[in-house]
Amino acid sequence: MSECIFCKIAARELPAEIVFEDEKTIAFKDINPHAPVHVLLVPKQHYTLLDDLPENEEEAGRLLLNVKKVAAILGISGGYKVLVNNGQSAGQVVPHLHVHLLAGKKFAL
Ligand code: 5GP
Ligand code: ZN
């Protein structure tokens, strides 16, 4: 997936403000934040959709546990929103699975 921007960020071929990384996941600040805190958690392995994630509880669980970890690293208090836009009608723009972590304001939904 050489043309994928999130693969390129994971490979350090494109810059990003990285806030967390482990063997399987990279997390960086969204370039166009929708909240005072807006971080994207991205599996280093390219999956276009959540639907493409393999039936691997460890991998899927780790991604969600890393959301919790990043929220702690960032010192978020008062709650946060976790969001996946999965596919076109959901508004997914970047075709590499990612989890939005948003905080620092009151959300309607
Ligand atoms: P989606 O709508 O696909 O769920 O969200 C994609 C997100 O990726 C958007 O919030 C957008 O601002 C962010 N984004 C797109 N390109 C880049 C980039 O090159 N760097 C960073 N840090 N964020 C990006
Ligand atoms: Zn990718």
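Predicted model: local features only at pLDDT ≥ 70, side-chain atom pairs only at ≥ 80, totals over all residues.
**Notebook: zinc site and cores**

Donors here are N, O and S atoms within 2.8 Å of the metal (3.2 Å for Na, K and Ca), and water is not among the atoms, so sites may look incomplete. Residues are numbered from 1 along each chain as its sequence is written, chains are lettered from A and ligands numbered from 1 in the order in which they are written, and side-chain values use heavy atoms, with hydrogens and water left out.

Next, which atoms hold the zinc ion (ligand 2)? I found Cys 4 (SG), Cys 7 (SG), His 46 (ND1) and His 96 (ND1), at 2.0 to 2.3 Å.

Then I checked burial (buried is under 20% relative accessible area, exposed over 50%, partly exposed in between, with a 1.4 Å probe and protein chains only). Cys 7 is buried at 16%, and His 96 is buried at 0%.

Of its 13 residues, Ala 27, Val 39, Leu 41, Val 70 and Leu 101 touch the most other members.

I picked Val 70: leaving aside neighbours within four places in sequence, Val 70 is in contact (heavy atoms within 4.5 Å) with Val 19, Phe 20, Ala 27, Val 39, Leu 41 and Leu 101. A second, separate core of ten residues includes Ile 9, Ile 26, Phe 28 and Val 94.

How values were computed. Core = buried A, V, L, I, M, F, W, Y, C linked by side-chain atoms within 4.5 Å.
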